[in-house]
Amino acid sequence: MAQERATFFQEGAGAATMSAYVEIVFDNSDHRFPTGKEETIIRRTVGLKKDEYSLDKKSCTKLDIMNLLESAGFSRSNPYYIVPQGRITSLTHSKDSERLELLKEIAGTKVYDSKREESLKILNETSNTSNYLNRFF
């Protein structure tokens, strides 16, 4: 792993660059991530001798990040997290609503929403039946 990092930095932006990071800021206004904050920030910093993760600017483990993502509905077993080559350009030119629908499909929220609707329908039917029975008893 250290050899791969060394190669990465040698082929990258130049010898002066000894670390790099990727940071993702999630809108958490729906509280999908159990952080209690309106935004959730995940960051990974890679250097020649380090590979660090942070959540909301606090150090954490890779396992912590994986568990957080799974709790928000991002499953490791979902094969749809890979975007095919050439699809990025079409995504950048698509409408916000189209990208949102794609993200919902990839993240599995469409399945969640569908099952939620079904559960609410059953709950409502059960409530109606209960109210109907209460009239007679």
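In the predicted model, Ser54 lies within strand β3, which spans residues 51–55. With a relative accessible area of 14%, Ser54 falls under the 20% limit and is therefore classed as buried. When neighbours within four places in sequence are set aside, the contacts of Ser54 comprise Ile41, Ile42, Arg43, Ser59, Cys60 and Ile65. One of these residues, Arg43, also takes part in an arrangement with an aromatic side chain, in that its charged end sits over the ring of Tyr21, at 3.4 Å from the ring centre.

Strand β3 belongs to an open sheet of four strands, arranged in the order β1-β2-β3-β4 with antiparallel pairing. The edge positions are taken by β1 (19–27) and β4 (58–60), each of which has a single partner strand, so that one side of each remains without a neighbour in the sheet. Averaged over the sheet, and with direction ignored, neighbouring strands are turned by 25° against each other. The antiparallel strands β3 and β4 are joined by three bridges, and Tyr53 is placed opposite Cys60 of β4. Helix α2, formed by residues 62–71, packs on this sheet and touches β1, β2 (39–47), β3 and β4, while the direction of the helix makes an angle of about 45° with that of β3.

A single aromatic pair is counted in the model. This pair is formed by Phe26 and Phe33, whose ring centres lie 4.8 Å apart; the planes of the two rings stand at 50°, a value between the 30 and 60 degree limits, and the pair is therefore described as tilted. Of these two residues, Phe33 is buried, since its relative accessible area of 3% is under the 20% cut-off.

With regard to the protein as a whole, five helices and four strands are present, and from the N terminus on these elements follow one another as α-β-β-β-β-α-α-α-α. The chain has 137 residues, of which 18% count as buried. Among the contacts between residues at least 6 apart in sequence, 35% join residues that are at least 24 apart.

Definitions and conventions. Residues are numbered from 1 along each chain as its sequence is written. This is a predicted model: local features need pLDDT of at least 70, side-chain atom pairs count only at pLDDT 80 or more; totals for chains, interfaces and linings use all residues. Side-chain values use heavy atoms; hydrogens and water are left out. Helices (H or I, at least four residues) and strands (E, at least two) are DSSP runs, numbered from the N terminus. Buried means under 20% relative accessible area, exposed over 50%, partly exposed in between (1.4 Å probe, protein chains only). Contact means heavy atoms within 4.5 Å. Rings of Phe, Tyr and Trp (its six-membered ring) pair if their centres lie within 6.5 Å; planes under 30 degrees apart count as stacked, over 60 as edge-to-face and the rest as tilted. A charge sits over a ring if NZ of Lys or CZ of Arg is within 6 Å of the ring centre and within 35 degrees of the ring normal. Two strands pair if DSSP finds at least two bridges between them. Axes are lines fitted to C-alpha atoms, for helices over the stretch in contact, and angles run from 0 to 180 degrees between N-to-C directions.
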